[in-house]
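Please look through the sequence and the model below before reading on. The report that follows describes how the chain is arranged and what lies inside.

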Amino acid sequence: MSSYTEKLFSLRGKVAIVSGASRGIEASIIRGLPNAVAPVMGLARAHEPEQELPEVDYRQCDILAVKPFGKLCKKHIVNLAKSIFWLT
């Protein structure tokens, strides 16, 4: 990857947060993110993902429930400014 491309798309020093991570396209995306040198947190309403998601910190959370989502963010995501969100 060129340095320009890496500056644009690198996840180094960030946390990748993916909602809808329990299945479908989001689960496929989240499986590749640990290779992007970033810690990965997967969020979904399901208590557990349909398939195993190695190297992913999976959390059951409805992102539309403002208080529980905010509480989860405060507890587990140290620096929101350095986070990348995929909200689906």
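In what order do the elements of the chain run from the N terminus on?

## Overall arrangement

The elements follow the order α-β-α-β-β-α-β, and the chain has 3 helices and 4 strands, where helices (H or I, at least four residues) and strands (E, at least two) are DSSP runs numbered from the N terminus. The model is predicted, so local features need pLDDT of at least 70 and side-chain atom pairs count only at pLDDT 80 or more, while totals for chains, interfaces and linings use all residues. Residues are numbered from 1 along each chain as its sequence is written, and side-chain values use heavy atoms, with hydrogens and water left out.

## Strands 1 and 2

Strand 1 and strand 2 pair in the parallel sense over 4 bridges, pairing being assigned if DSSP finds at least two bridges between two strands. Val18 has Gly42 of strand 2 as its bridge partner. Because 4 of the 5 residues of strand 1 are buried (under 20% relative accessible area, with a 1.4 Å probe and protein chains only), this strand is largely enclosed by the rest of the structure.

## The nonpolar cores

A nonpolar core is a set of buried Ala, Val, Leu, Ile, Met, Phe, Trp, Tyr and Cys residues joined through side-chain atoms within 4.5 Å. The largest one has 12 residues, among them Val18, Val40, Ala44 and Tyr58; strand 1 (15–19), strand 2 (40–44) and strand 3 (56–60) each supply at least two of its residues. A second, separate core of 7 residues includes Leu43, Cys61, Phe69 and Leu72.

Definitions and conventions. Buried means under 20% relative accessible area, exposed over 50%, partly exposed in between (1.4 Å probe, protein chains only).
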